[in-house]
2 protein chains.
Amino acid sequence: MYKINENYLKLPGSYLFATTGRKIREFIEANPDKKVISLGIGDVTLPLAPVVIDTLHSAVDEMGKAETFKGYAPDLGYEFLRQAIVDNDYKARGADISIDEVFVSDGAKSDSGNIGDIFDADNKIAVCDPVYPVYVDTNAMAGRTGVYLEEQQKWSNVVYMPCTAATDFAPEIPKEEPDIIYLCFPNNPTGSTIKKEELQAWVDYALKIGAVIIYDAAYEAYISEGDVPHTIFECEGAKACAIELKSFSKNAGFTGTRLGYAVVPKELKCNGVSLNSLWARRHGTKFNGAPYIIQRAGAAVYTPEGKKQTLNQVNYYMNNAKIIREGLAEAGYIVSGGVNAPYIWLQTPDKMTSWEFFDYLLEKANVAGTPGSGFGPSGEGYFRLTAFGSYENTLEAVERIRKM
Amino acid sequence: MYKINENYLKLPGSYLFATTGRKIREFIEANPDKKVISLGIGDVTLPLAPVVIDTLHSAVDEMGKAETFKGYAPDLGYEFLRQAIVDNDYKARGADISIDEVFVSDGAKSDSGNIGDIFDADNKIAVCDPVYPVYVDTNAMAGRTGVYLEEQQKWSNVVYMPCTAATDFAPEIPKEEPDIIYLCFPNNPTGSTIKKEELQAWVDYALKIGAVIIYDAAYEAYISEGDVPHTIFECEGAKACAIELKSFSKNAGFTGTRLGYAVVPKELKCNGVSLNSLWARRHGTKFNGAPYIIQRAGAAVYTPEGKKQTLNQVNYYMNNAKIIREGLAEAGYIVSGGVNAPYIWLQTPDKMTSWEFFDYLLEKANVAGTPGSGFGPSGEGYFRLTAFGSYENTLEAVERIRKM
């Protein structure tokens with residue numbers, strides 16, 4: 001008799017956004033006259049940039065002619081895309097990454113889940129708390145997290161690094177030594193970030209204890225302040241201890257277009273074994289590339305027009321972030337984030353729990369957000385709003401919250 | 001200190017097609033005047049069908065306007081595509097599959113690798129020998145296959161089901177009981193298939209011993225003979241023991257466009273746990289959907305024009321298959337396959353090994369194929385040619401082989 005992966009049965013409830021989605025649907029069904037504005041899920045709303053659309057059209061035309069038709073892509077992704085990534089995201093920032101260290105994928109969610117494949121089940125992970133649920137859930141599926149302790153809302157074998165007002169929403173070096181450290185800056189969900197010297201301290205720590213850092217830089221395009229690192233490979237020694245994951249979802253609106261990449265440096269070795277070669281094997285065996293037309297669209301993002309047009313989109317969302325941040329602060333809320341990230345993190349008023357505030361906000365202002373506790377126990381008492389709505393909706397949502 | 005997944009280190013050499021690719025490149029470099037025709041890798045060459053191209057263009061236009069822009073897709077895939085799949089690939093064949101049993105993915109290679117996630121490491125797999133390498137390699141990565149025995153070219157903990165001339169290239173019920181049975185019909189690499197009553201016997205066997213069948217039906221569109229099942233769900237009881245994987249790569253030329261789907265029936269349960277819910281969790285946690293524009297393109301394949309145009313492509317390749325099969329048979333080769341599949345399987349002449357024949361064919365006829373032994377030890381003495389070349393190249397390749 002075959003056996004299932006019993007680790008799946010340890011996973012608590014359903015995915016956070018499935019629950020908020022259901023609650024919002026139920027509210028709308030019960031209140032068909034109310035217009036609910038969602039500042040909840042981190043999905044973009046602006047259409048793809050004109051140069052991306054033009055490039056998609058011409059790549060589609062290529063697929064329609066025998067002379068230019070493309071079948072299976074090269075294992076690591078097309079060189080035209082990997083070269084653009086290396087030149088713009090690394091060389092331009094003084095990070096010496098070569099194109100055979102870049103692996104094009106269908107997005108950072110897949111990569112952040114799949115990267116676990118190349119590690120043993122016997123590794124202790126450390127995550128920020130609150131945290132993007134995918135890191136923890138995928139490790140739970142792989143049997144790395146122990147058992148789920150319902151009451152504490154924690155896994156027994158995970159090192160949690162609280163990120164609260166008390167720590168300025170940054171993780172501190174944990175007492176217990178982890179093997180794999182997940183870091184995400186600019187951060188989802190708190191919208192916070194850390195300075196280059198702080199990230200350097202994490203790199204030094206990982207090198208000292210022999211840990212590997214999985215660095216999720218999906219929100220890098222939203223950095224507006226100086227001295228905030230755009231890639232972990234700006235830090236000295238990072239190539240010997242870090243993997244970086246990037247996405248086209250938030251800088252270029254590819255949430256429904258799907259493109260991302262992982263950087264696995266050749267220097268990154270575990271007892272002499274190159275993780276670059278392990279990931280190359282995984283990539284070549286369990287994946288068959290992102291679509292050609294999407295890879296072409298990704299390369300268009302790095303053209304001069306592409307950079308200008310996608311920067312306009314980022315600025316549009318960051319203006320929303322400013323509206324939310326300043327509007328809520330004026331209304332007396334304690335807010336953070338929203339400066340280098342499209343997320344605003346606020347403390348729930350009147351000692352409401354995160355879910356109580358979710359219900360309250362939905363009912364009183366018809367605005368949907370995401371309960372902080374859904375991202376981990378230290379998210380309790382916090383709430384996430386995103387800047388990905390339209391300008392008009394964002395203005396109205398803030399107005400409604402202020403009048404609440 | 002973090003630990004890598006040591007199972008990766010047990011994998012022998014590199015991926016088959018990396019080796020044949022290298023040998024072909026080296027030959028071309030050493031013989032720049034020779035025109036090498038590749039009938040090796042199973043990649044298509046015809047451009048995408050006109051209706052698919054038109055649909056891609058209009059979907060791209062949708063992504064360029066705020067009112068029609070699409071962000072994150074529904075977890076299981078868009079309903080318009082899943083409904084088309086259910087209606088055309090299942091209901092039309094009397095198989096009662098519902099849309100919440102269909103999971104849209106980026107291709108059958110990803111699915112056939114990732115499906116292992118929902119099973120315990122302690123399961124014994126059975127595979128045909130020869131076999132598509134991804135089934136075995138991904139199970140080796142998950143630690144399910146024991147150790148690799150170099151001399152036998154086998155894994156110590158895998159049930160191999162020889163498919164040779166002696167078995168009419170079909171597997172026989174194995175002596176040792178497996179937990180997970182991989183079947184692929186029409187078969188890659190042998191091009192053989194089995195009748196419905198034979199597949200029913202496998203379903204009955206799986207139900208009897210409590211095994212699950214992973215049924216890869218990627219080449220279903222090439223079936224030309226009656227009584228060959230188009231889906232395992234034509235068989236009685238299959239919904240309680242089988243998962244089916246499908247691809248748009250070979251019926252519609254999506255190798256570089258990337259789309260596939262898995263059917264995980266709700267009836268499929270292991271000790272009361274629904275595999276449908278496990279796969280839904282995996283799909284929702286470690287994957288973020290195929291691109292909207294590609295899902296639209298997939299749905300276009302099911303329109304009346306789409307069916308007609310893609311059938312023309314299949315017929316084009318099957319005409320190539322006929323040319324290869326009949327040409328080589330006339331030249332005295334012992335060939336099989338090529339009737340319900342785009343693969344022709346031939347016995348190497350003069351007791352050459354598969355790799356000797358690979359070198360011989362490349363050198364004498366400047367034709368590249370794939371050594372049968374690359375697919376498993378029982379593939380030794382066999383060789384695979386594919387029908388995916390152009391008509392002109394296929395004719396010329398056969399001419400060259402006949403004159404060899």
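P186(B) sits in the loop between β7 (180–184) and α7 (196–209) of chain B, where helices (H or I, at least four residues) and strands (E, at least two) are DSSP runs numbered from the N terminus. The peptide bond that joins F185(B) and P186(B) is cis, with omega about -10 degrees. This is a predicted model, in which local features need pLDDT of at least 70 and side-chain atom pairs count only at pLDDT 80 or more, while totals for chains, interfaces and linings use all residues. Residues are numbered from 1 along each chain as its sequence is written, chains are lettered from A and ligands numbered from 1 in the order in which they are written, and side-chain values use heavy atoms, with hydrogens and water left out.

**Backbone geometry**

- In chain A, a cis peptide bond with omega about 20 degrees joins N188(A) and P189(A), and P189(A) is placed in the loop between β7 (180–184) and α7 (196–209) of that chain.
- K351(A), a residue other than glycine, has a positive phi near 55 degrees, and its place is in the loop between β14 (343–347) and α11 (354–365) of chain A.
- K351(A) counts as exposed because its relative accessible area is 82%, given that buried means under 20% relative accessible area, exposed over 50% and partly exposed in between (1.4 Å probe, protein chains only).
- D227(B) is likewise not a glycine and has a positive phi of about 65 degrees; this residue is found in the loop between β8 (212–216) and β9 (242–247) of chain B.

**Relation of the chains**

**Salt bridges**

- Side chains of opposite charge can pair when their charged atoms come close.
- Over all chains the count comes to 34 salt bridges, a salt bridge being a side-chain nitrogen of Lys or Arg within 4 Å of a carboxyl oxygen of Asp or Glu.
- K239(A) and E267(A) meet through their side chains in a salt bridge of 3.9 Å, N to O, and this pair links distant parts of the chain, 28 residues apart, with K239(A) in the loop between β8 and β9 of chain A and E267(A) in the loop between β10 (260–263) and β11 (269–270) of chain A.
- K239(A) counts as buried at 17% relative accessibility, whereas E267(A) is partly exposed with a relative accessible area of 49%.
- D359(B) and K23(B) form a salt bridge whose closest N and O atoms are 3.1 Å apart; because D359(B) lies in helix α11 (residues 354–365) of chain B and K23(B) in helix α2 (residues 16–30) of chain B, the pair ties together parts that are 336 residues apart in sequence.
- D359(B) counts as partly exposed at 32% relative accessibility, and K23(B) counts as partly exposed at 24%.
- In the salt bridge between R296(B) and E62(B), the closest N and O atoms are 4.0 Å apart; R296(B) is in helix α9 (residues 292–300) of chain B and E62(B) in helix α3 (residues 50–63) of chain B, so this pair ties together parts that are 234 residues apart in sequence.
- R296(B) is partly exposed, with 28% relative accessible area, while E62(B) counts as buried at 18% relative accessibility.
- D89(A), R93(A), E220(A) and K246(A) are joined into one network by salt bridges that share partners.

**Surface charge**

- D168(A), E197(A), E198(A) and D227(A) form a negative surface patch; patches are made of residues with over 30% relative accessible area and no salt bridge, like charges being joined within 9 Å and nonpolar side chains (Val, Leu, Ile, Met, Phe, Trp, Tyr) within 5 Å.
- Lys and Arg count as positive and Asp and Glu as negative, with His and the chain ends not counted, and the place of a charge is taken as NZ of Lys, CZ of Arg, CG of Asp or CD of Glu.
- Accessible areas come from the Shrake-Rupley method with a 1.4 Å probe, and for residues only the protein chains shown count as cover.
- D227(A), a member of this patch, is placed in the loop between β8 (212–216) and β9 (242–247) of chain A and is partly exposed, with a relative accessible area of 48%.
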